[in-house]
Amino acid sequence: MTAGAASAQPEAITAKVTGEAIQKVGFRAMIQKEAIMFNLAGSARNNPDGTVTVSLQGDKDRIDQILAAIRTGSKKSSKDNTIAQTPAAVDPNLKTFTVFGWTSTTRNITNPYDLVFSLRPTNDQISRKDAKAVWNTIAQGALKGDDLAKFMKHLDDDD
């Protein structure tokens with residue numbers, strides 16, 4: 001990373017994502033894995049109307065890369081998602097990316113869990129594989145009892 005990139009002012013956005021299949025398909029988990037990969041703060045939350053609200057904070061280029069991944073979607077989600085984004089105030093104290101109320105249809109996990117990623121102290125980018133490993137560790141730390149057992153049984157699922 002160049003010195004200029006490291007000193008760039010962080011940006012923040014809030015976005016409402018619409019698409020045919022963006023809930024109950026691992027969509028927010030995919031967004032969180034992208035945030036882990038790019039070390040961005042924010043959150044993702046399902047809305048009752050079938051949309052997903054996402055907030056992202058950090059390097060503008062990295063935010064743009066996550067927005068591109070959201071538009072493209074994941075293996076199970078719709079592929080041509082629409083994003084209505086608005087600038088947001090940067091919160092200098094925000095050091096996490098949280099998926100609120102995560103459940104897993106494929107793993108039959110119906111209890112909602114908040115999955116919280118804490119930003120790395122070094123503002124580096126990690127590989128997709130490493131981001132998935134971090135995400136799995138976060139989920140394992142959040143889940144309890146039978147839900148944790150179900151998660152471990154399907155650890156290699158993309159979800």
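**Close-up views of the predicted model**

View A. Apart from neighbours within four places in sequence, leucine 143 contacts Trp102, Ile109, Tyr113, Leu115, Leu148 and Phe151. Leu143 and two of these partners, Trp102 and Leu115, are also among the residues of the largest nonpolar core that touch the most other members.

**View B. The largest nonpolar core.** This core comprises 39 residues, of which Phe27, Ile70, Trp102, Leu115 and Leu143 touch the most other members. At least two core residues come from each of strand 1 (11-18), helix 2 (27-38), strand 3 (52-58), helix 3 (60-72), strand 5 (96-104), strand 6 (109-118) and helix 4 (128-142). The greatest contribution to the core is that of helix 2, with 8 residues.

**View C. Order of the secondary-structure elements.** The chain contains 5 helices and 6 strands. Read from the N terminus, the elements follow the order α-β-α-β-β-α-β-β-β-α-α. The radius of gyration is 15 Å, close to the 15 Å given by the globule rule for 159 residues, so the chain is as compact as a globular protein of that length. The C-alpha trace spans about 45 × 30 × 25 Å along its principal axes.

**View D. Burial, contacts and surface.** Among the 159 residues of the chain, 42% count as buried. Of the contacts between residues at least 6 apart in sequence, 70% join residues at least 24 apart. The chain exposes about 8400 Å², and carbon and sulfur atoms supply 54% of this area. The chain carries 20 positive and 18 negative charges, whose mean positions lie 3 Å apart.

Note on methods
Residues numbered from 1 in each chain as written. Predicted model: local features only at pLDDT ≥ 70, side-chain atom pairs only at ≥ 80, totals over all residues. Heavy atoms only, no water. Helix = DSSP H or I, 4+ residues; strand = E, 2+ residues; numbered from the N terminus. Rg over C-alpha atoms; globule rule 2.2 N^0.38 Å. Buried < 20%, exposed > 50% of the residue type's maximum accessible area, 1.4 Å probe, protein only. Contact = heavy atoms within 4.5 Å. Areas by Shrake-Rupley, 256 points an atom, 1.4 Å probe, with all protein chains shown as cover. Lys, Arg positive; Asp, Glu negative; His and termini not counted. Charge placed at Lys NZ, Arg CZ, Asp CG, Glu CD. Core = buried A, V, L, I, M, F, W, Y, C linked by side-chain atoms within 4.5 Å.
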